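Let's walk through a fold together, one feature at a time. Ask whatever you like as we go.

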Amino acid sequence: MHDLPQQLVNGLILGALYGLIAVGYTMVYGIIQLINFAHGEIYMIGGFGALTMYLWLPGGTSLAIAMPLMLLMGIACSVLVAVGAERFAYRPLRNAPRLAPLITAIGLSITLQQVVWAFYPDAKADRTFPQFSGGPIDLGAFTIQRGDLFLIIAAPVCMGFLAYFVAKTRTGRAMQATSQDPDTAQLMGINTDRIVVTAFAIGGAFAAVAAMAYGLKYGQVGFKMGFIAGLKAFTAAVLGGIGNIYGAMIGGLALGLAEALATAYIQDIPGMELLGGGAWKDVWAFVLLILVLLLRPQGLLGERVADRA
């Protein structure tokens with residue numbers, strides 16, 4: 001375990017990425033008890049939105065100058081799709097049996113993925129995402145890739161904004177009231193439709209930030225990138241306690257650490273040489289999910305899933 005500090009940093013960075021996506025799952029579930037399986041594709045569309053803005057800029061534009069515009073474009077695309085999904089796919093099924101919106105979410109996920117595959121230029125293969133020049137930053141016990149700097153700054157800023165928004169603003173308090181009892185909140189004069197749209201919009205914005213971080217980290221975006229990332233983020237949301245926005249980030253960090261440590265060290269355990277490495281990282285992530293559901297079904301900070309699903 002001589003490189004343990006490096007693996008811990010890798011895990012925290014990866015976990016922050018999962019946590020940003022997981023916030024979208026947990027906010028929507030916390031208010032309308034919908035597992036929005038299309039959220040992974042909303043994340044993917046944010047990545048393509050950011051890439052599109054970069055391609056529109058004049059050649060030679062530095063990434064530092066392009067990043068704010070890319071981020072705004074990615075957020076605009078993800079929020080537009082998230083709000084459109086709520087308005088036209090989920091709202092008509094608000095009072096339907098829960099199986100109906102769940103199946104709709106799966107269908108919407110596949111549809112969005114195929115639309116990007118069919119209509120975005122050259123999206124049938126992964127598209128190259130702009131990268132920072134220069135090598136890793138050496139901090140002594142560990143190194144940080146330059147592409148991770150955006151995520152290291154963006155994740156705490158986003159969570160700080162969300163904490164302030166939920167606790168201190170009128171709309172945030174209305175979201176808390178709606179999540180506890182939507183009927184009573186409506187009787188108290190809260191426009192619950194507007195609150196639900198706000199939850200989808202914030203979740204979409206966070207997903208776009210995560211997609212931008214993914215592009216900068218891995219140097220590419222693809223129409224399939226939302227599937228596994230969405231499953232991991234959903235896992236993170238359940239680990240943290242689905243419906244709890246702080247639990248989503250904590251679940252993401254726990255999942256990222258578990259992935260990094262399992263990938264690096266499981267194969268060193270006698271008898272488990274074939275179960276380590278990158279090929280098994282997804283398996284260990286879901287093993288962790290199963291263990292948490294068996295030992296603590298409500299997740300780390302949330303309420304019991306079986307009571308709400």
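Q: Let's begin with Arg-194. Which helix holds Arg-194, and is Arg-194 buried, partly exposed or exposed?

A: Arg-194 sits in helix H8, residues 192-218. Helices here are DSSP runs of H or I with at least four residues, strands are runs of E with at least two, and both are numbered from the N terminus. For exposure, buried means under 20% relative accessible area, exposed means over 50%, and partly exposed is in between (1.4 Å probe, protein chains only). Arg-194 has 47% relative accessibility, so it counts as partly exposed.

Q: Before we go on, what kind of model is this?

A: This is a predicted model, in which local features need pLDDT of at least 70 and side-chain atom pairs count only at pLDDT 80 or more, while totals for chains, interfaces and linings use all residues. Residues are numbered from 1 along each chain as its sequence is written, and side-chain values use heavy atoms, with hydrogens and water left out.

Q: How many salt bridges does the structure hold?

A: Side chains of opposite charge can pair when their charged atoms come close. The cut-off: a side-chain nitrogen of Lys or Arg within 4 Å of a carboxyl oxygen of Asp or Glu. The structure holds six of them. Glu-86 pairs with Arg-91, their closest N and O atoms being 3.1 Å apart. Glu-86 is buried at 1% relative accessibility, whereas Arg-91 is partly exposed at 23%. Glu-86 and Arg-91 also belong to a salt-bridge network with Arg-94 and Asp-193.

Q: Which parts does the bridge between Asp-148 and Lys-217 tie together?

A: In that bridge, the closest N and O atoms are 3.2 Å apart. Asp-148 lies in the loop between E3 and H5 and Lys-217 in helix H8, so the pair ties together parts that are 69 residues apart in sequence. Asp-148 is buried, with 5% relative accessible area, while Lys-217 is partly exposed at 27%. Contact means heavy atoms within 4.5 Å; leaving aside neighbours within four places in sequence, Asp-148 is in contact with Ile-13 and Lys-217.

Q: Where do Lys-232 and Glu-259 lie?

A: Their side chains meet in a salt bridge with an N to O distance of 2.8 Å. The pair links distant parts of the chain, 27 residues apart: Lys-232 is in helix H9 (residues 225-240) and Glu-259 in helix H10 (residues 245-265). Lys-232 is buried at 3% relative accessible area, and Glu-259 is buried at 1%.

Q: Now backbone angles. Which phi does Gln-33 have?

A: Most residues other than glycine have a negative phi. Gln-33 has a positive phi of about 55° although it is not a glycine, and is found in the loop between helix H1 (4-32) and helix H2 (39-56). Asp-122, not a glycine either, has a positive phi of about 60°. Asp-122 lies in the loop between helix H4 (99-119) and strand E1 (127-128), and is exposed at 61% relative accessible area.

Q: Last one: what does Gly-299 touch?

A: Not counting residues up to four places away in sequence, Gly-299 touches Val-238, Leu-239, Gly-240, Gly-241 and Val-292. Gly-299 lies in the segment after H11 and is buried, with a relative accessible area of 0%. Gly-299 and Ala-237 are 62 residues apart in sequence and 8.4 Å apart in space, C-alpha to C-alpha.
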